[in-house]
Amino acid sequence: MDMNRFFEQALDGLREAGNYRVFAELERHAGDFPRATRYRDDGSTHDVTVWCSNDYLGMGQNEIVRAAMKEAIDRCGAGAGGTRNISGTTHDHALLEAELADLHGKEAALIFTSGYVSNWAALGTLASKIPGCIVYSDALNHASMIEGIRHSRADKRVWKHNSPEDLDRLLSADDPERPKLVAFESVYSMDGDIAPIKEICDVADSHGAMTYLDEVHGVGLYGPRGGGVAEREGLMDRLTVIEGTLGKAFGVMGGYITASSALVDFVRSFASGFIFTTALPPALAAGAAASIRHLKRSEFERRRHQERVRRVRSLLDAAGIPHMPNPSHIVPVMVGNAAKCKWISDLLLENHGIYVQPINHPTVPKGTERLRITPTPLHSDADIDHLVGALNELWSRCALARAVA
């Protein structure tokens, strides 16, 4: 079998369907988010405004965070020097884990190299090591959660998205004596909808089930100290595990879990994805801790962020550009066609200096292709006007349907 030919044919199929992923090569401008320089294949460059970053608050360019990272490099060098078990646990790691435990009102925290790894390792370890455990997974859970559950080989039940009623039905059908773990997210990143956390906790509690909440798209953004949707709703104490990321609203890199000291120590002691991975560089840990400390004290970024989201939505409505309504900060502009979604994204980038990545199948179902727009506190009125004006022009060129007010 000609394997290269096989690979090429598979990639050609993606291109024909409009699903082939093209990575924009960017150089972010330090201290000037959301500006970046894009490098073209021919070696030329042009300036762009980034509209799809998960650095939701621009903290990756915040001078406090950058200063903390520079100080850590000058103090202790670049890498951690090993796994957490073998010389890689630095003072900065310990300080960061203390900040995270405090943020979520838990006894302990454990950091990983990414949010993907924290979900995969924590869910995989808990579900595989707890005898007879059954995992109840929301139908729209992230791939990292799905992979962790699959890796565990534990029994799994998939409940209808954001449906406490269906969760209750599935829990009721199983042996009440078996350990149970309910896994779900607070903010779902593609549609931007928010889970009914209280109702899910009520159902889980009634069946004696543990709860595992992925707050990666909520931490930093919601709650009086940035603890996420669960903090905003006063529910953190009802969740067994709160998982989050350092690479989105906190602007750095890494993932984590927070829970009781015993549960965190259990994962620390049994999770291969933690034990055998080189620790995060101390500079990343120091930057993340500085970001968390700042957002615990400052409400400015969160208030400004929500105001920017409201302005984007309002101008999209005025232009008749359809976007999915939701109560979060994520603005999915609905195109509904893979080829047109890619075409609009390309023209925004080349002709308007606007970078927003097309989101196509398999990330979202066919027919729901979209531009996932993420306003930040640092997007100006002029940036927003330019974005909506460009979309308005391209919507007409594509002969796409307008939303009816």
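Which residues of helix α10 (residues 261–270) are buried? Select the helix and look for Leu263, Val264 and Val267. Buried means under 20% relative accessible area, with a 1.4 Å probe and protein chains only. Helices are DSSP runs of H or I with at least four residues, strands are runs of E with at least two, and both are numbered from the N terminus.

Before going on, note that this is a predicted model: local features need pLDDT of at least 70, side-chain atom pairs count only at pLDDT 80 or more, and totals for chains, interfaces and linings use all residues. Residues are numbered from 1 along each chain as its sequence is written, and side-chain values use heavy atoms, leaving out hydrogens and water.

**Stop 1: down the axis of α10**

Turn the view to look along α10. The buried residues of α10 fall within an arc of 100 degrees, so they line one face of the helix. That arc is taken from the directions from the helix axis to the C-beta atoms. An α-helix has 3.6 residues a turn, so residues three or four places apart point the same way. Now show what covers these buried residues: β4 (108–112), α5 (115–129), β9 (241–245) and β10 (255–259) are included.

**Stop 2: the seven-stranded sheet**

Select the strands in the order β4-β10-β9-β8-β7-β5-β6. They form an open sheet with mixed pairing. Two strands pair if DSSP finds at least two bridges between them. β4 and β6 (155–159) stand at the edges with a single partner strand each, so one side of each has no neighbour in the sheet. From one strand to the next, the twist averages 20 degrees.

Zoom in on β7 (residues 180–185) and β8 (residues 210–214). They pair in the parallel sense over five bridges. Phe184 has Leu213 in β8 as its bridge partner, and Val182 has Thr211. β8 is mostly covered, with four of its five residues buried.

Helix α4 (residues 91–104) touches β4, β9 and β10, and its direction makes about 125 degrees with that of β4. α10 also touches β4, β9 and β10, but its direction makes about 25 degrees with that of β4. Contact means heavy atoms within 4.5 Å. Axes are lines fitted to C-alpha atoms, for helices over the stretch in contact, and angles run from 0 to 180 degrees between N-to-C directions.

**Stop 3: α5 against α6**

Select α5 and helix α6 (residues 143–152). Their axes lie 7 Å apart at an angle of about 30 degrees. That makes α5 roughly parallel to α6, a term for angles under 35 degrees. Among the residues that meet here are Tyr116, Trp120 and Leu123 of α5, with Met145, Ile149 and His151 of α6.

**Stop 4: the four-stranded sheet**

Move to β1-β2-β3-β12, an open sheet with mixed pairing. Its edge strands, β1 (25–28) and β12 (354–355), each pair on one side only. Inside the sheet, β2 (residues 35–39) and β3 (residues 45–50) run antiparallel, joined by five bridges. Find Thr37: Asp47 in β3 stands opposite.

**Stop 5: Phe250**

Finish in the loop between β9 and β10, at Phe250. Is Phe250 buried or exposed? Phe250 is buried, with a relative accessible area of 1%. Show its contacts, including Met59, Leu103, Val219, Tyr256, Ile292 and Leu295. Then pick Gly287: it is 37 residues away along the chain, with 8.8 Å between the two C-alpha atoms.

Technical notes: Buried means under 20% relative accessible area, exposed over 50%, partly exposed in between (1.4 Å probe, protein chains only). Angles under 35 degrees count as roughly parallel, over 145 as roughly antiparallel, 65 to 115 as roughly perpendicular and the rest as oblique.
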